[in-house]
Amino acid sequence: MGIGRSRIIENKQALDANQFTTARTNGKNSKQDDVDRSDLKLDAFDETKLLNFYSAAGINFQNIASNDALITSKINTLTNEGWELAFTLSGVESDAGGPDGKGIYITRLIFIKKKLS
């Protein structure tokens with residue numbers, strides 16, 4: 001029914017995975033309790049709103065075309081800044097059936113920027 005929160009999220013802050021990685025010994029002992037999940041949260045990211053594909057009348061093709069234009073604009077901007085699309089990943093947590101009525105659909109575009117030597 002047009003309810004959703006589709007977004008383009010762009011990370012603007014670097015994290016060092018090594019700060020949040022611990023080593024296990026003999027398969028059981030871990031220092032994961034020393035890692036605070038709240039420290040993993042980024043404060044700096046850009047968020048671009050997208051339109052929902054569905055409305056009360058069904059699929060809204062104008063919204064799909066608008067989203068395509070927004071995503072193309074974002075990709076063109078990134079490539080003009082020297083970023084290169086390296087990977088495209090998709091994932092789905094679909095409706096569990098019955099009264100669930102919920103699902104998460106995600107596409108990740110992973111860009112890399114080659115360092116100048």
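**View 1. Contacts across the whole protein chain.** Of the contacts in the protein chain with a separation of 6 or more, 55% are between residues 24 or more positions apart. A contact here means heavy atoms within 4.5 Å. Please keep in mind that this is a predicted model, in which local features need pLDDT of at least 70 and side-chain atom pairs count only at pLDDT 80 or more, while totals for chains, interfaces and linings use all residues. Residues are numbered from 1 along each chain as its sequence is written, and side-chain values use heavy atoms, with hydrogens and water left out.

**View 2. The elements and the overall dimensions.** Starting at the N terminus, you can follow the elements of the protein chain in the order β-β-β-β-α-β-β, which comes to one helix and six strands. Helices (H or I, at least four residues) and strands (E, at least two) are DSSP runs, numbered from the N terminus. The C-alpha trace spans about 55 × 50 × 25 Å along its principal axes. The radius of gyration of the protein chain is 19 Å, whereas a compact globule of 117 residues would have one near 13 Å. That radius is taken over C-alpha atoms, and the globule rule is 2.2 Å times the number of residues to the power 0.38.

View 3. Buried residues make up 9% of the 117 residues. Buried means under 20% relative accessible area, exposed over 50%, and partly exposed in between (1.4 Å probe, protein chains only).

The protein chain has 15 positive and 15 negative charges, and their mean positions are 2 Å apart. Lys and Arg count as positive and Asp and Glu as negative, while His and the chain ends are not counted. Each charge is placed at NZ of Lys, CZ of Arg, CG of Asp or CD of Glu.

**View 4. Strand β1 and its partner.** Strand β1 covers residues 7–11, and its side chains alternate. β1 pairs with strand β2 (residues 45–49) in the antiparallel sense over five bridges; two strands pair if DSSP finds at least two bridges between them. Look for I9, which stands opposite E47 in β2.

View 5. L15 is partly exposed, with a relative accessible area of 45%, and K31 is exposed at 53%. Leaving aside residues up to four places away in sequence, L15 touches F20, L40 and L42. From L15 to K28, 13 residues apart in sequence, the C-alpha to C-alpha distance is 27 Å. K31 and T21 are 10 residues apart in sequence and 8.9 Å apart in space, C-alpha to C-alpha.

**View 6. Two residues of helix α1.** Helix α1 (residues 61–80) holds N67, and T79 also has its place in helix α1. Is N67 buried or exposed? N67 is buried, because its relative accessible area is 4%. Not counting residues up to four places away in sequence, N67 touches L50, L51 and F53. T79 is partly exposed, with a relative accessible area of 35%. The C-alpha atoms of T79 and S94 are separated by 32 Å, although these residues are 15 apart along the chain.
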